[in-house]
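Please examine the sequence and the model shown below.

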Amino acid sequence: MVLRFSSSFALSSPHSPLTTDTRRLHLPSMMVGGLLRFLVSLLAVAICNAASISQPISESHRSAALDFALCTWRTLEILGIDKKSDLSSATCENVVKVLASPSSALRVNGILKCKSGEDVPKVNSWTLSVSKLQARAKDAKLLLDFYYSVRGLVLVKEQFSGTDLSLADAEAIFPSIKALSQSDGRWRYSSNNPESSTFGAGLAFETLAGVISLAPSGIDQSMIQTLKTGILKLFDRIQKYDDGTFYFDDSEGPISTTASVIRGLTSFSASESTGLNLPGDKIVGLAKFFLGVGIPGDAKDFFNQIDALACLEDNRQCYFLALFMQFLFVLFQFSVPLILSLPSTVISLTKKELLKVKVSTVLGSKAPALSVKVAEALNSKGSKFDADSATYFLDSFPKNLDVGKYTFVFEILLDESANEKAYVTEAQTKVPIAATGAISIENAETAVLDSDVGSVESQKKLDLTKDEAVSLSANHLQKLRLSFQLTTPLGLVFKPHQAFLKLKHESQDFLGLVEKLYYLSGKYEIQLTIGDDLPERPEKAPLPPLQPTDPYSRYGPKAEISHIFCVPEKLPAKKVSLVFLGLIVLPFIGFLIGLTRLGANIKSFPSSIGAATSALLFHGGIGAVLLLYLDLFTTLKALSLLGVFLLFVGHSTLSHLAAASNKLKSA
Amino acid sequence: MARSSTSKDAQDLFHSLRSAYTATPTNLKIIDMYVCFAVFTALIQVAYMALVGSFPFNSFLSGVLSCIGTAVLAVCLRIQVNKENKEFKDLAPERAFADFVLCNLVLHLVIINFLG
């Protein structure tokens with residue numbers, strides 16, 4: 001089982017404080033329990049690395065599930081969302097059950113969420129746990145051991161204010177924890193392991209603050225002083241984004257690391273009476289970092305974000321410092337950052353609204369009395385405060401503000417000097433503001449130019465706001481130019497981002513006629529659209545009909561040429577051909593008639609069967625040959641066969657005839 | 001006077017030719033008629049071509065030449081069959097007719113292929 005600490009987040013600007021109401025709340029160390037789970041499981045995984053057998057869901061899963069649930073619940077409580085008290089009783093029972101397990105010392109923190117009234121019967125187990133924790137704190141070697149044991153004791157002390165609880169060997173424990181520090185400000189987790197982290201530094205600060213609070217007789221000031229220098233060294237490792245946010249980064253991820261450091265610092269500064277002089281801009285930068293995270297996707301990140309902001313908001317929020325509440329009004333050592341935000345960054349010149357500015361703490365609660373000044377070269381004298389909505393208004397509308405984008409620089413001035421130590425603000429907050437106004441369009445005119453030279457041939461003024469027509473004539477060698485001027489309310493020239501000119505022909509859309517424009521005359525409708533994010537009413541002045549007339553004739557394409565390579569010969573009319581067909585037949589008929597007149601006969605047609613058949617075949621063969629009308633080679637093939645056949649048949653017929661005539665002759 | 005004599009001579013000539021012609025045997029007259037028929041057909045084809053133009057010239061040639069060819073072959077047959085012709089005394093008329101048929105068939109083959 002591995003708990004993943006993902007550091008994914010979404011940046012959003014500008015920074016706006018979280019708007020909730022604040023309550024004094026306890027905070028269990030769910031985060032710590034989870035972290036220990038993670039480390040224990042990591043060790044377990046490291047030991048059984050070779051085996052890598054999958055294990056069923058174990059006690060650690062259940063504990064981690066409880067961690068997450070309580071973590072989430074704690075977040076909801078800070079944000080003032082979920083106030084169900086019945087949930088807490090059910091949780092208490094669950095946690096009490098878990099207490100029975102061997103790792104109960106670590107679960108003490110979770111139990112402290114429960115109301116003290118319910119756990120009166122368990123007082124014996126409490127004392128048992130407390131003594132266990134104390135023994136653990138004494139014997140601890142690792143940073144995390146110190147952390148859990150000391151914090152457990154602090155929470156017990158906080159929850160049960162009557163109990164007299166103190167760390168007997170505080171004087172000895174402090175240096176042993178301090179020994180884990182490094183010169184660059186980071187802390188090691190154990191004296192054997194050289195690995196160090198900023199996250200560990202945060203844990204160490206919390207632990208040491210706890211030790212200081214639990215120490216019966218106080219800690220030596222020299223040791224505390226060295227710790228303070230260590231903290232300032234840690235701040236050298238702070239990292240920065242360009243927009244002025246600060247954060248700490250480490251292997252745990254920026255959100256977890258920064259949250260841990262903030263928790264540590266706030267707890268330490270509250271516990272330490274002389275105070276910690278941390279640079280104010282860095283505190284505000286850390287606050288802005290968390291505000292800029294947006295809504296984290298991970299539950300742990302979410303919890304870290306909310307917890308850190310709660311610490312920054314008000315030291316009372318931090319779970320660890322509940323026991324110092326009686327000192328807080330006097331020893332308010334950690335400055336609370338104040339955030340300046342604007343509900344809307346757009347000023348409208350036409351509406352002449354006053355610019356609104358909001359100043360509050362990170363979780364959205366009220367700031368002390370202060371005034372906001374615009375440190376830009378505009379005529380503004382100061383601001384007025386509207387207590388109802390907790391916003392500030394610029395008292396007068398800036399006079400020389402024109403349409404455009406500006407960067408306003410705001411400065412916050414606290415009214416009471418006493419608050420200057422308690423609260424910290426950015427020196428100057430830069431906010432981009434857009435001023436919008438009505439843009440007027442004037443001086444529109446159309447002109448026809450010669451394309452190459454650019455000289456104006458004809459020019460006509462037109463008023464875009466009215467519905468009027470202008471007529472122009474141009475040929476395809478000339479250009480049509482439409483010019484106009486945009487002015488801002490103050491009379492300066494305005495340059496828009498985009499300008500669209502749409503010409504619509506009376507019959508169809510202009511875009512389809514682009515190629516044919518130079519000869520398509522007629523009425524056009526002009527539509528001019530100006531696009532920009534600043535003007536309030538985008539000018540859309542539909543120009544009505546414009547009539548370009550073309551003096552040249554139209555050119556259309558010729559009929560398509562179908563390519564044939566020679567013109568077909570004229571054939572004679574069908575009737576003529578038919579007449580001649582008839583005429584051709586005439587001589588044949590004449591021949592037949594002549595034959596009959598001559599008395600031609602077929603008397604010598606052989607009558608005997610053999611000769612008759614061969615004679616018939618002979619005539620049939622000739623007819624077949626004459627009827628052949630195929631292409632040459634097919635004909636030749638057929639003809640060769642027929643010819644051979646005909647040869648034999650003909651020979652027999654004619655020889656028979658010859659014999660007959662010879663007989664006749666001789667006879 | 002000359003004119004009337006010439007015309008009378010022409011008439012006399014014509015009559016003598018006609019009377020001489022009637023003496024020819026029938027088979028020769030048949031062949032003559034066949035020749036006339038072929039020639040007339042050829043003439044009609046030439047007239048048609050003169051009228052409508054010689055576009056498919058090969059067709060025209062084919063038609064005309066078939067007529068002329070068969071006429072020529074018929075004339076050859078007449079020569080060979082004529083009993084008064086001393087040169088072909090020994091040739092049997094059936095043999096001549098067989099040659100005539102064969103040559104006509106060959107001519108027909110050529111004509112048909114050239115017709116297009």
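## Basis of the values

This is a predicted model, in which local features need pLDDT of at least 70 and side-chain atom pairs count only at pLDDT 80 or more, whereas totals for chains, interfaces and linings use all residues. Residues are numbered from 1 along each chain as its sequence is written, chains are lettered from A and ligands numbered from 1 in the order in which they are written, and side-chain values use heavy atoms, with hydrogens and water left out.

## Chain B and its helix H4

Chain B has four helices and zero strands (helices are DSSP runs of H or I with at least four residues, strands are runs of E with at least two, and both are numbered from the N terminus). Read from the N terminus, the order of elements in chain B is α-α-α-α. Of the 116 residues in chain B, 31% are buried (buried means under 20% relative accessible area, exposed over 50%, and partly exposed in between, with a 1.4 Å probe and protein chains only).

Helix H4 of chain B spans residues 93–115. Within H4, B:Arg95 and B:Asp99 are four residues apart, which means that about one helical turn separates them. These two residues form a salt bridge, with 3.6 Å between the closest N and O atoms (a salt bridge is a side-chain nitrogen of Lys or Arg within 4 Å of a carboxyl oxygen of Asp or Glu). B:Asp99 is partly exposed, at 26% relative accessibility.

H4(B) also packs against chain A. Its axis and that of helix H16 of chain A (residues 609–627) come within 9 Å and cross at roughly 20° (axes are lines fitted to C-alpha atoms, for helices over the stretch in contact, and angles run from 0 to 180 degrees between N-to-C directions). H16(A) and H4(B) are therefore roughly parallel to each other (angles under 35 degrees count as roughly parallel, over 145 as roughly antiparallel, 65 to 115 as roughly perpendicular and the rest as oblique). The crossing of H16(A) and H4(B) is left-handed (the near helix is turned anticlockwise from the far one by less than a right angle; clockwise would be right-handed).

## Helix H10 of chain A and its surroundings

How do the axes of helix H9 and helix H10 of chain A cross? The axes of H9 (residues 221–235) and H10 (residues 254–271) come within 13 Å, and the crossing angle is roughly 150°. The two helices H9(A) and H10(A) are therefore roughly antiparallel, and their crossing is left-handed.

H10 of chain A contains A:Val261 and A:Ser260. A:Val261 is buried, with 0% relative accessibility, and A:Ser260 is buried at 1%. A:Ala204, located in helix H8 of chain A, is likewise buried at 0%. The table gives C-alpha separations for pairs that involve these residues.

| Residue pair | Separation along the chain | C-alpha distance |
|---|---|---|
| A:Val261 and A:Leu203 | 58 residues | 7.4 Å |
| A:Ala204 and A:Val261 | 57 residues | 9.2 Å |
| A:Ser260 and A:Leu203 | 57 residues | 6.5 Å |

A salt bridge joins the side chains of A:Arg263 and A:Glu206, at 3.9 Å from N to O. Because A:Arg263 lies in H10 and A:Glu206 in H8 (residues 198–214) of chain A, this pair ties together parts that are 57 residues apart in sequence. A:Arg263 is buried, with a relative accessible area of 6%, and A:Glu206 is buried at 1%.

## Other salt bridges

Over all chains, the structure holds six salt bridges. One of them pairs A:Arg186 with A:Asp184, whose closest N and O atoms are 3.2 Å apart. A:Asp184 is partly exposed, its relative accessible area being 24%. A network of salt bridges links A:Asp184, A:Arg186 and A:Arg237.

## A nonpolar surface patch

Which residues form a nonpolar patch on the surface? The patch consists of A:Val579, A:Leu583, A:Val585, A:Leu586, A:Ile589 and A:Ile593, with about 490 Å² of accessible area together. Patches are made of residues with over 30% relative accessible area and no salt bridge, like charges being joined within 9 Å and nonpolar side chains (Val, Leu, Ile, Met, Phe, Trp, Tyr) within 5 Å. Accessible areas come from the Shrake-Rupley method with a 1.4 Å probe, and for residues only the protein chains shown count as cover. A:Leu586 lies in helix H15 of chain A, which covers residues 574–598, and is partly exposed at 48% relative accessible area.
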